[in-house]
Amino acid sequence: MIRHIIFDFDGTLADTSRGVVLMMQQMLRQMGLPVTSEEQIRRQIGLPLREAIKRGGDVPEHMVEQAVSVYIELFDGVGLDSSQLFPDTEEVLRSLHDNGITLSIATSRERRSTEMIIGSEEIVGLFSCFVSADMGLEAKPAPDMVLYILRKLGAKKEETLVV
């Protein structure tokens with residue numbers, strides 16, 4: 001019987017792809033770098049930010065930290081305005097929670113931006129555990145985030161679904 005559900009965020013609970021593409025392309029323009037294609041950027045969604053910037057933006061290694069800073073600065077305008085939960089996500093999460101399912105998030109995104117896209121403290125409160133890129137755990141596809149959640153909740157893997 002499933003008692004716990006661990007959700008990814010980008011592309012699972014929220015449609016963030018347009019925001020990611022716009023922020024990446026704007027970041028590249030601001031840094032005077034060639035703008036990569038939407039397709040190339042979309043293929044990197046879900047990777048940790050530094051890796052997505054290197055691969056999706058073809059950013060040289062010595063410019064990655066600067067690129068990360070520019071990208072993060074763009075979130076409050078470009079990224080937030082272009083990202084939202086998928087339709088009916090809130091209702092589904094509430095229903096699962098109200099039926100005794102423990103909900104968690106494991107995301108390669110930073111917690112601040114994830115919570116801002118969710119947009120409601122009440123919805124954020126439905127999640128018993130929230131693991132994000134800024135916690136220092138190895139990002140997916142490594143199992144570290146999921147294993148952390150299982151340990152923290154005392155959850156059994158056979159009672160847990162990862163979405």
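I started with glutamate 38, which is partly exposed at a relative accessible area of 33%. (Buried means under 20% relative accessible area, exposed over 50%, and partly exposed in between, with a 1.4 Å probe and protein chains only.) I kept in mind that this is a predicted model, where local features need pLDDT of at least 70, side-chain atom pairs count only at pLDDT 80 or more, and totals for chains, interfaces and linings use all residues. I also noted that residues are numbered from 1 along each chain as its sequence is written, and that side-chain values use heavy atoms, with hydrogens and water left out.

Which residue forms a salt bridge with glutamate 38? I found arginine 42, with the closest N and O atoms 2.8 Å apart. (A salt bridge is a side-chain nitrogen of Lys or Arg within 4 Å of a carboxyl oxygen of Asp or Glu.) Both sit in helix α2 (residues 38–42), four residues apart, so about one helical turn separates them. (Helices are DSSP runs of H or I with at least four residues, numbered from the N terminus.) Arginine 42 is partly exposed too, at 34% relative accessibility.

A reminder to myself: side chains of opposite charge can pair when their charged atoms come close.

Next I looked up arginine 50 and glutamate 65, whose side chains meet in a salt bridge at 3.0 Å, N to O. This pair links distant parts of the chain, as arginine 50 is in helix α3 (residues 49–57) and glutamate 65 is in helix α4, 15 residues apart. I read 40% relative accessible area for arginine 50 and 47% for glutamate 65.

Then I stayed in helix α3, where arginine 55 and glutamate 51 lie four residues apart, about one turn. Their salt bridge spans 2.7 Å, N to O.

Last, I turned to helix packing. Helix α1 (residues 17–30) and helix α4 (residues 64–81) pack at about 130°, with axes 9 Å apart. (Axes are lines fitted to C-alpha atoms over the stretch in contact, and angles run from 0 to 180 degrees between N-to-C directions.) Which residues meet there? Among them I listed Leu22 and Met23 in α1, and Val70 and Leu74 in α4. (Contact means heavy atoms within 4.5 Å.)

Technical notes: Helices (H or I, at least four residues) and strands (E, at least two) are DSSP runs, numbered from the N terminus.
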